[in-house]
Amino acid sequence: MAKPPHKKFRGNRSNSDPHRRKTEQNRDLATPDRWMPRGEACVEARPPLVVFGGIPGETAKIRVINRGRNQTYAQWVYSSKPSKNRVDPPCERYFPCGGCPLMHLNEKGQRDTRLDLLRYELKSVGLGSISIEKMVASPSNADFRHVVKLTTGRSDRGSPRIGAPGRRRHIVAIPDCTVITPDLRELVLRIYHLFVDMDVHPYHNGEGTLRHVVLRQSSSTDEILVTLVAARRAPILDDLAAVLAGADSKVVGVHLHINAEKTNAIMHRDEEGLIRTRHILGKKTITERLADTNYQVGPGDFFQTNPALADLLYRDVLELCALKEGVPLVDLYCGVGGFALAGAKTTGWAIGVESVGGAVDRARKSASTQDIPAEFVHGEVEEVLSRLTRRLGGRRPTMIVNPARRGLEQGVAEKILQLKPARLVYVSCSPRALAKDLAYFESNGLKIRKVTPYNMFPHSSHQEVVALLESEDLDQIKNPSRGPRRRVTRSPLGSVKGRGGGKEPT
């Protein structure tokens with residue numbers, strides 16, 4: 001190991017600060033106090049010292065990378081007395097990539113870290129006494145990711161690059177990434193060679209063509225869908241698509257998405273909030289299967305990256321709902337079908353709400369082809385909920401919410417309570433947003449019965465959390481034996497729907 005640098009962390013603190021005395025005595029040493037939400041360790045200071053690769057309670061030599069006004073960023077170098085949970089990361093690009101910030105921990109250390117972050121957020125909103133169930137492990141900690149998002153650019157010397165966005169704003173090649181499927185690893189390497197051999201111009205500082213390449217593989221069929229994200233149309237993109245979908249390739253479809261905006265976002269939403277793509281060749285969608293239900297997944301659609309664990313999560317959520325025939329199931333933020341598609345087979349009717357129009361179209365197609373009595377509404381969740389009360393006719397529904405990382409939008413929680421759900425299952429990828437929303441529901445008549453974390457993203461600090469809430473008068477609720485009529489009914493937005501859903505007016 002290279003000799004550690006002899007530098008010290010200098011925070012803007014008084015001489016009486018014990019952390020400063022500790023750091024001054026050991027100029028290149030630091031002992032982090034807690035975990036940060038993104039998986040780094042943090043020394044409580046002014047400004048805070050964030051250590052990538054560090055472990056709270058473990059004293060280590062560090063290398064300061066950047067001293068900012070709001071925080072100082074450093075990298076772990078060496079520990080003479082390493083934590084019992086420390087391991088050597090099995091990836092040589094662990095430090096430059098940064099996509100797996102907990103890879104320096106064993107399985108127990110990673111699990112404890114995620115639980116600490118979840119407990120911290122629950123405690124911060126007064127829910128510290130809530131019992132947390134045992135974390136559900138991923139069936140595999142390697143080869144589990146079925147999605148890859150590559151970015152393009154140029155090095156400081158101007159040479160083209162394609163790979164993962166690294167920690168220090170540079171692109172890191174990932175030909176041997178251990179967390180993506182073997183087929184995707186092989187395709188990533190192939191794309192890299194094609195990128196160079198075909199002289200595809202990367203997007204850089206407003207110039208060039210190709211910005212990103214998004215790959216998604218189905219765990220049930222092994223088929224791969226490719227989306228090329230470009231700043232502008234160019235013939236070379238059609239040539240690239242044809243080669244990618246050539247003989248002996250599992251690539252079954254290629255799409256093109258134009259993103260000319262000066263933004264870091266991979267996909268661009270238009271004025272209607274839609275992610276529009278152009279189908280170049282092959283299939284438009286691939287099929288995934290969760291909880292014995294098929295889902296059509298297209299470019300830009302949200303779908304879990306770890307299908308093996310997602311299947312367990314879907315089954316658990318449906319079990320928590322205690323679904324019964326005739327009891328309405330309302331699934332908010334349902335994506336390409338979500339829990340409504342799988343749950344309707346038990347309840348006899350379910351409705352899913354989603355703001356992305358393309359995802360709604362694919363959900364309706366999945367319902368129709370499988371003869372599932374679920375319908376799907378395209379619209380903002382708050383607006384649809386405002387018109388759903390009359391539709392349910394006083395029935396006390398079971399509700400599932402699976403919002404984006406920011407949690408429920410303003411006004412959605414209030415609208416949910418107006419429907420007086422018998423049960424509410426909240427699925428979240430953000431402990432902070434989940435805690436905030438759970439605290440609101442708890443203070444307004446819904447009781448938290450169960451909180452279960454899932455290791456959906458091994459080697460990272462991210463986790464999926466499922467919370468079950470029940471109405472205080474659950475035992476007294478008597479729903480009619482029949483759900484809402486579905487032969488010819490009007491959706492909350494006014495369009496006519498039949499069994500399996502229909503088209504919304506444009």
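## Cavities

The second largest cavity has a volume of about 30 Å³. A cavity here is a set of points, on a 1 Å grid over the protein atoms alone, where a 1.4 Å probe fits but cannot get out. Volume is the space filled by probe spheres set on the points. This is a predicted model, where local features need pLDDT of at least 70, side-chain atom pairs count only at pLDDT 80 or more, and totals for chains, interfaces and linings use all residues. Residues are numbered from 1 along each chain, and side-chain values use heavy atoms, without hydrogens and water.

F302, Q304, L313, Y314, F339, N402 and V427 line the second largest cavity; lining residues have an atom within 4 Å of a point. By class, this lining has 5 nonpolar, 2 polar and no charged residues.

## The largest cavity

The whole structure holds 2 cavities of 30 Å³ or more. Strands are DSSP runs of E with at least two residues, and helices are runs of H or I with at least four. The lining counts 9 nonpolar, 4 polar and 1 charged residues.

## A helix crossing

Helix α3 (residues 107–124) meets helix α12 (residues 431–442): their axes come within 8 Å and cross at roughly 30°. Axes are lines fitted to C-alpha atoms over the stretch in contact, with angles from 0 to 180 degrees between N-to-C directions. The crossing is right-handed.

L118, E121 and L122 of α3 touch P431, R432, A435 and L438 of α12, with contact meaning heavy atoms within 4.5 Å.

Key. Left-handed = near helix turned anticlockwise from the far one by under 90°. 1 Å grid on protein atoms, 1.4 Å probe; cavity = no way out; pocket = protein on both sides within 12 Å on 5 of 7 lines; lining within 4 Å. Nonpolar A, V, L, I, M, F, W, Y, C, P; charged D, E, K, R; others polar.
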